[in-house]
Amino acid sequence: MEQLIGELKEHLIEELNLEEITPEDIDSEAPLFRDGLGLDSIDALEIILILEKYYGIKLSNSAEAKPIFYSVKTLAEYIMKNRK
Amino acid sequence: MVGKTEVNIYIGTTSIYTCLGNKFETLAAMNRGRGGLSFNKQFSMFTGSLEVEMMETYTRFESLMIDQLIEVLSRTNIKLSDPSVQLIISTTKGNVELLEEDVDHPSERTFLYTSAELVAARFSASNPPIVISNACISGVSSFVVARELLLSGRFKHAVVVGCDVLSGFITSGFASFKSVSEKPCRPYDAQRDGLSLGEACGAVVLTTDISRAVSPYIRLAGGAITNDANHISAPSRTGDGLFYAIRSAMAEAGLSADDIGFVNSHGTATRYNDEMESKALALSGLNTKPLNSLKGYIGHTLGASGVVETVLAIEQLRQGYIVGTYGFKESDLPHPIAISSGKQKITKACCVKTASGFGGCNAAIVLEGSDSAKLTAENHNILPQKVNVVAKYTLPQSDMAFADYIRAEFKQLGESNLKFYKMSDMSKALYIAVERLLAIEGFSEIEPTRRAIILANRSASIDSDIAHQQIVSQRLPEGPSPAVFVYTLANVSAGEMCIRHKIQGDNTFFIENRDSGLAEDYARLLIARDRADAVICGWCEYLKGKWNVDLKLLKKIFD
């Protein structure tokens, strides 16, 4: 789980162009959207791409993804359960 | 510019070509409640696609425009070779499909202006064409710009043509936004799940000479462009940007909600667009007016939509009843609006036409029929406003690679804005230039709806187009990146500035061959006619590591 969280932070930084942010800066349990990293609806769509690209998970829309995308931790938990 | 101008702008000849056919075929199908969307195997989605008879040496996009221009110009004495006639072209992506052939070396024809010049030359146009690429509001924007140019007295007539064709570039981009419906789109319906794309072309002759107008007369009585200053792709949650556009267009027309017979909205059938519109219409007091969206019949035809749907709005005004909203059964909108589900008689011969698009932009125009209260000469009894150039800034050239250069510039600003790094390179260059410009003199004293940004460049967004096409050509299983696709519209860079500096007034992006001063000229018109108090204007070019950003800040001189 810890390894997955670390890897996920790397992917988020790379794919969402979070320059000047290091994995240590991201609190695994803090909300990803609005405050903190200031992610928005385009980032949510990019996270859907990350899930498919690295973990083979398909999500059809960002609405159903809301609770899953709450934090890095909730994302990692979802990946653990659903990865292919 | 004189203090008092008495000018009316009338609709002349019009023509469209949609997936339902020519103007009368399209109108007849709509009157019978028949839609034109069908499943497109190439793009794996429902689209409104055209069969195009190609013309020798012209592309599909250019052939369509030439066809429609021949159609409107053959039925009027107005000629593009006359210096008092201006051609205005509205498109989002022009010949972008040519990028598929050699993505690393975009051919000359992928530049919108090259294409525009070829079309203008076909008709021996006297004036260089004006090209407007303002995302999905381009068509409605073109009428607003045409109106300003005609009121200024520079031209007597304008010919507006709007066109976009579909390609994998466009369809995969919208798919990456998860905004495409799995079925033919259903505007405003509770079951709506996204838009359907379409391709179309339309042309309209506008004239200030009533003897050239087509009877029954319809006036282009008002128009306005605004920005949400909220998000580059998500519709506003308040609807205030679109409300401001409607309010300003109606004020121009001197009309109130009581005078309006119907609203022809954008109505894309995405969850959030339709919701946003319902809020804006409630704010405008138009929520009880019959309303329709035509997207269910012909799809969202992008840069053509504002022109094609305006032509159809004109025909609905003339026939005295409106068509239903194809695909709509039952609404679940937060603010009830009077969505027309079938044919409906209208009692007032005025229409408000709206559009909203990426970059946070909104546009509205008012069409006024001949049996409405006043069809006397429009009386612009305002004192011409004087303009001051209060700041100038040119982004310096550097020997450094762009990425290093712009990062160093951003660091110098000494702020942390995580959004900066997500922007396209053109937006980053503009971001820095605007920060420096406003450091010379700001506009904090100006009310947001009185701030505007008017830009022009040559390449539109070809730098981002290349990045998107490279991803599309890889055919990745997860599909292209929405964060890249969103910047394949030049005006989105202007939209970034609107968010950053709370600019809620006009935001228009022109495409030219070289900086002719058009952006500044238009900015001056906006201030002279008292439509803005401060305008950032100028040239904003970025392509393959080379940049040229040259800006001015104009302000109205307050007495």
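Colleague: How many residues of domain 1 of chain B are in contact with domain 2 of chain B, and how many of domain 2 take part?

Modeller: In this predicted model, 40 residues of domain 1 of chain B are in contact with 44 residues of domain 2 of chain B. A pair is counted when the C-beta atoms lie within 7 Å. Domain 1 covers 9-373 and domain 2 covers 387-556, and the domain centres, taken over C-alpha atoms, are separated by 25 Å.

Colleague: Which elements give two or more residues to the side of domain 1 of chain B that touches domain 2 of chain B?

Modeller: They are α3 (112-122), β7 (130-132), α4 (138-151), α5 (168-176), β11 (218-227) and α6 (240-253) of chain B. The largest share, 6 residues, comes from α5(B). By class, this side of domain 1 has 21 nonpolar, 17 polar and 2 charged residues.

Colleague: Why are α5(B) and α12(B) called roughly perpendicular?

Modeller: The axes of α5(B) and helix α12 (residues 462-474) of chain B cross at roughly 85° and come within 10 Å. Angles of 65 to 115 degrees count as roughly perpendicular, and the two helices are therefore described in that way.

Colleague: Which residues make the contact between α5(B) and α12(B)?

Modeller: On α5(B) they are Gly168(B), Phe169(B), Ser172(B) and Gly173(B); on α12(B) they are His468(B), Gln469(B) and Val472(B). By class, this contact of α5(B) with α12(B) has 2 nonpolar, 5 polar and no charged residues.

Colleague: What makes the radius of gyration of chain B agree with that of a compact globule?

Modeller: For 559 residues, a compact globule would have a radius of gyration near 24 Å; chain B has 22 Å, which agrees. The C-alpha trace of chain B spans about 65 × 60 × 50 Å along its principal axes, and the chain has 15 helices and 23 strands.

Colleague: How do you know that chain A is as compact as a globular protein of its length?

Modeller: The globule rule gives 12 Å for 84 residues, and the radius of gyration of chain A is 12 Å, so chain A is as compact as a globular protein of that length. Chain A has 3 helices and 0 strands, in the pattern α-α-α along the sequence. Its C-alpha trace spans about 30 × 25 × 20 Å along the principal axes.

Colleague: How many residues does each chain give to the contact between chain A and chain B?

Modeller: Chain A gives 15 residues and chain B gives 16. The side of chain A that touches chain B has 5 nonpolar, 5 polar and 5 charged residues. For the complex, the predictor gives an ipTM of 0.91 and a pTM of 0.96.

Colleague: Where in chain B does pLDDT stay under 50?

Modeller: It stays under 50 over residues 372-376 of chain B, for which the model has 8 contacts beyond four places in sequence. Where pLDDT is low, the predicted coordinates should not be read in detail. For chain B as a whole, the mean pLDDT is 95, and 97% of the residues reach 70 or more.

Notes. Residues numbered from 1 in each chain as written. Chains lettered and ligands numbered in written order. Predicted model: local features only at pLDDT ≥ 70, side-chain atom pairs only at ≥ 80, totals over all residues. Domains from an automatic or database assignment. Contact = placed C-beta atoms within 7 Å. Helix = DSSP H or I, 4+ residues; strand = E, 2+ residues; numbered from the N terminus. Nonpolar A, V, L, I, M, F, W, Y, C, P; charged D, E, K, R; others polar. Axes fitted to C-alpha atoms, helices over the stretch in contact; angles between N-to-C directions. Parallel < 35°, antiparallel > 145°, perpendicular 65-115°, else oblique. pLDDT = per-residue confidence, 0-100. Rg over C-alpha atoms; globule rule 2.2 N^0.38 Å.
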